[in-house]
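Let's walk through some of the labels used for this protein and ask what stands behind each one.

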Amino acid sequence: MQKKRKITFLVLLLIITTLVSCKDSEPSNSNRILDENYIPKNLEEALKQIDFYVSDSLKLEIKKKSEKDFIAETHFGLGIGMRNNWRLWKGSDLSKYFNNIEIFHPDDMSAIILTSYYRKLNGIEINLNEQIIGYKEYWKQVNLVKLPQKTEHPEPNLEFRVSKFYGFHTSKDRPAQVFIQTNSTNNTFWIYDYFYGWKNIDLKTKEMLDKERIQNIESVLNKIFEKKSTLPNKG
C-alpha cells in the first residue's frame with residue numbers, strides 16, 4: 001500500500017512538473033503569474049504558481065511527508081522542471097532574484113523554492129534568511145575542499161551533487177566532508193572523501209548516507225571502506 005501511494009505521489013508530481021513549464025519566449029504581461037508560460041520573477045510568485053497547479057489531494061500527500069523526504073523526492077522531478085523551464089541556468093529574472101540574495105547555484109534555488117513551499121503549505125515559517133545562510137555556509141565549506149581533477153575521477157561524467165560536512169580537522173587544512181556523486185550516463189553512485197578516497201556504492205548505501213546524522217558519518221564511512229578511520233585528531 002505504501003509503495004502504491006509513493007508511485008501515485010510521483011505520478012502527480014510528474015504532472016505538476018509538466019504544468020510548471022514555459023515556452024521559449026516570456027509573455028509581455030508580467031502580471032500573468034498563473035499562466036503556465038510565465039516565469040516567476042521572485043520567490044513569492046514561484047510559490048503562488050506552484051500552489052495554483054498542485055491539487056488539494058496532492059497537497060494532502062505532501063503534508064504527510066517530512067520536509068526532508070519531500071525535498072529528496074522532488075529534487076530530480078519537479079526540481080529539474082523548475083531549473084530548466086524557469087531558466088535558472090540561463091539568467092532568468094527568477095535566477096537574478098536569487099543572485100541578488102547571494103544564491104547562485106540553480107540546485108540551491110530550486111531547493112529553497114521547494115522548502116519554502118513545503119513550509120508554507122504546512123503553516124511553518126519559511127525562514128528565508130536562515131535558508132540563505134545555510135547555503136552560503138555550505139559553499140564556504142566546499143571551497144575549503146580541494147576536489148580531485150576530472151582526470152583523477154574513477155570514471156567519466158561524475159557530477160558532485162551532494163556533500164555532508166561532518167567536522168573540521170587541522171591536518172592540511174582539510175574539512176571532513178564526504179561527497180555523494182552521480183553519473184548522468186549510467187546511474188551509478190560514487191562517494192569521495194579527502195581522508196578516505198573513492199568508493200563505488202549502491203543505491204541503498206547512498207540513501208543511508210543521505211539520511212544519516214552528521215555525528216555518525218565517520219563511523220558509517222569506516223564500515224563502507226571496511227577500515228579504521230584514518231582521520232587525524234580533531235582540534
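Buried means under 20% relative accessible area, exposed means over 50%, and partly exposed lies in between. Keep in mind that this is a predicted model.

Q: Why is Tyr 97 called partly exposed?
A: Tyr 97 has a relative accessibility of 22%.

Q: Is Phe 98 buried or exposed, and what makes it so?
A: The relative accessibility of Phe 98 is 0%. Buried means under 20%, so Phe 98 counts as buried.

Q: How many aromatic pairs are there?
A: The count comes to 7 aromatic pairs. One of them joins Tyr 97 and Phe 98, with 5.1 Å from centre to centre and 75 degrees between the planes. Ring centres must lie within 6.5 Å to pair, and planes over 60 degrees apart count as edge-to-face; the pair of Tyr 97 and Phe 98 is edge-to-face.

Q: What makes the pair of Trp 190 and Trp 198 edge-to-face?
A: Their ring centres are 6.3 Å apart and their planes stand at 80 degrees, so this pair is edge-to-face. The cut-offs are within 6.5 Å for the centres and over 60 degrees for the planes.

Q: Why is H6 called roughly perpendicular to H7?
A: Helices H6 and H7 (residues 106–121) pack at an angle of about 90 degrees, with their axes 10 Å apart. Roughly perpendicular covers 65 to 115 degrees, and that makes H6 roughly perpendicular to H7.

Q: Which residues make this contact?
A: H6 brings Leu 94, Ser 95, Phe 98 and Asn 99, while H7 brings Met 109, Ile 112 and Ile 113. They divide into 5 nonpolar, 2 polar and no charged residues.

Q: Where is confidence highest, and where is it lowest?
A: It is highest in helix H6 (residues 93–100), at a mean of 95, and lowest in helix H1 (residues 2–19), at 50. Over residues 22–31 the pLDDT is below 50, and this stretch has 18 contacts in the model beyond near neighbours in sequence. For the protein, the mean pLDDT is 77, and 74% of residues reach 70 or more.

Conventions: Residues are numbered from 1 along each chain as its sequence is written. This is a predicted model: local features need pLDDT of at least 70, side-chain atom pairs count only at pLDDT 80 or more; totals for chains, interfaces and linings use all residues. Side-chain values use heavy atoms; hydrogens and water are left out. Rings of Phe, Tyr and Trp (its six-membered ring) pair if their centres lie within 6.5 Å; planes under 30 degrees apart count as stacked, over 60 as edge-to-face and the rest as tilted. Buried means under 20% relative accessible area, exposed over 50%, partly exposed in between (1.4 Å probe, protein chains only). pLDDT is the predictor's confidence in each residue, from 0 to 100. Helices (H or I, at least four residues) and strands (E, at least two) are DSSP runs, numbered from the N terminus. Contact means heavy atoms within 4.5 Å. Axes are lines fitted to C-alpha atoms, for helices over the stretch in contact, and angles run from 0 to 180 degrees between N-to-C directions. Angles under 35 degrees count as roughly parallel, over 145 as roughly antiparallel, 65 to 115 as roughly perpendicular and the rest as oblique. Ala, Val, Leu, Ile, Met, Phe, Trp, Tyr, Cys and Pro count as nonpolar, Asp, Glu, Lys and Arg as charged, and the others, Gly among them, as polar.
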